[in-house]
Amino acid sequence: MTVYLFDFDGTLVDSHEAVEKALRLAIERTIPAVIESELYDEYYRALFLFIKGKLTYRHLGVIHELVAQGTIHEYYRLMPTFIKDFPNARRVVRTLRKRGRLVVSFSGEHTYPGGKVIFLKKTNWYDEFDSIVTFKGTGDMLQKFESMRDLHPDEPIVWIDDSPSRFTYVTDDNTLLVQKASPYKHDVALLFERDNFLKIRNIREVLDIDDRLGEFME
Ligand SMILES: [Mg+2]
């Protein structure tokens, strides 16, 4: 049984615009006085860094204010409502499962532990998968991948992700690494030299890959 690992943000759903829209609206609704002031950019930047988990000490004062005003809470309330499925994404996942493949959500954790599962539930994606795996950093990701491989030692794995840099650490030959093209992510030149790497434009191409998997995995 082939195992499919799907990244979430940027692969199955377009969350890029959702992040921008929710950042802006959360500030507008909770601290409207800031909109017209020169502080706006700094508040926006601090909130952006916070949700990306890259907060610096310089912004700590602003973050304290954003917490006090409920801006961060409002951001997390709004964001999932703006997330849009990529065309064909749900159909592809459902078709693979109908074909008897094991389909796993394999994606990075959000800022706070458990956040990703909440997002998967709010966007009605949670029940589309056979199982859900989330990871923190690269080390954790590789460990979770190894556990997946241990569970299915002989099965081909197909890993679809819009962040090709993640693939550079993966040496498993029985895994097909599929980069979903994204306007926000750079290619990794070295990957194009590998036999078990492919880049696709549209997620529906995964079904063609599934049809012809034998050709890729020799
Ligand atoms: Mg992604």
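**Entry 1: the core**

Which residues have the most contacts inside the largest nonpolar core? I found Y4, L5, F6, Y43 and L47, in a core of 47 residues. I noted that a nonpolar core is a set of buried Ala, Val, Leu, Ile, Met, Phe, Trp, Tyr and Cys residues joined through C-beta atoms within 7 Å. For burial I used this rule: a residue is buried if 20 or more other C-beta atoms lie within 10 Å of its own, exposed if 12 or fewer, and partly exposed in between, with C-beta atoms placed from the backbone. I recorded that helix α2 gives the most to this core, with 5 residues. The core draws at least three residues from each of domain 1 (3-14 + 84-216) and domain 2 (16-82). As background, I wrote down that nonpolar side chains tend to be buried together in soluble globular proteins.

**Entry 2: the model**

I kept in mind that this is a predicted model, in which local features need pLDDT of at least 70 and side-chain atom pairs count only at pLDDT 80 or more, while totals for chains, interfaces and linings use all residues. Residues are numbered from 1 along each chain as its sequence is written.

**Entry 3: the whole chain**

I looked up the overall figures next. The C-alpha trace of the protein chain spans about 60 × 30 × 30 Å along its principal axes. The secondary structure comes to 9 helices and 8 strands; helices (H or I, at least four residues) and strands (E, at least two) are DSSP runs, numbered from the N terminus. Of the 218 residues of the protein chain, 31% count as buried.

I then turned to contacts, where two residues are in contact if their C-beta atoms, placed from the backbone, lie within 7 Å. Among the contacts in the protein chain with a separation of 6 or more, 62% come from residues 24 or more positions apart.

**Entry 4: the domains**

The domain assignment gives domain 1 (3-14 + 84-216) and domain 2 (16-82); such bounds come from an automatic or database domain assignment. The centres of the two domains, taken over C-alpha atoms, are separated by 29 Å. I saw that 6 residues from domain 1 and 6 residues from domain 2 take part in the contact. On the side of domain 1 that touches domain 2, the residues divide into 2 nonpolar, 2 polar and 2 charged. Here Ala, Val, Leu, Ile, Met, Phe, Trp, Tyr, Cys and Pro count as nonpolar, Asp, Glu, Lys and Arg as charged, and the others, Gly among them, as polar.

Y43 is found in helix α2 (residues 40-51). Why does Y43 count as buried? Y43 is buried because 23 other C-beta atoms lie within 10 Å. Not counting residues up to four places away in sequence, Y43 touches I27, I31, V34, V62 and L66.

L47 is in contact with L23, I27, L66, T71 and Y75, once its neighbours within four places in sequence are left aside.

**Entry 5: the sheet**

In what order do the strands of the open sheet lie? I read the order of the 6 strands as β5-β4-β1-β6-β7-β8, with parallel pairing. Two strands pair if DSSP finds at least two bridges between them. The edge strands, each pairing on one side only, are β5 (131-135) and β8 (197-200). Neighbouring strands are turned by 20° against each other on average, direction ignored.

I followed the pairs in turn:

- Strand β4 (residues 102-108) and β5 pair in the parallel sense over 5 bridges; the partner of F106 in β5 is V133, and that of S105 is I132.
- Strand β1 (residues 3-6) is joined to β4 by 4 bridges, and Y4 stands opposite V103 in β4.
- Strand β6 (residues 157-161) is joined to β7 by 5 bridges, and V158 stands opposite L176 in β7.
- 4 bridges join β7 to β8, where the partner of V178 is L198.

**Entry 6: cover on the strands**

I checked how far two strands are covered. In β4, 5 of its 7 residues are buried. In strand β7 (residues 175-180), 6 of its 6 residues are buried. On one side of β7 these are T175, L177 and Q179, and on the other L176, V178 and K180. I noted that side chains in a regular strand alternate between the two faces of the sheet.

Notes:
Axes are lines fitted to C-alpha atoms, for helices over the stretch in contact, and angles run from 0 to 180 degrees between N-to-C directions.
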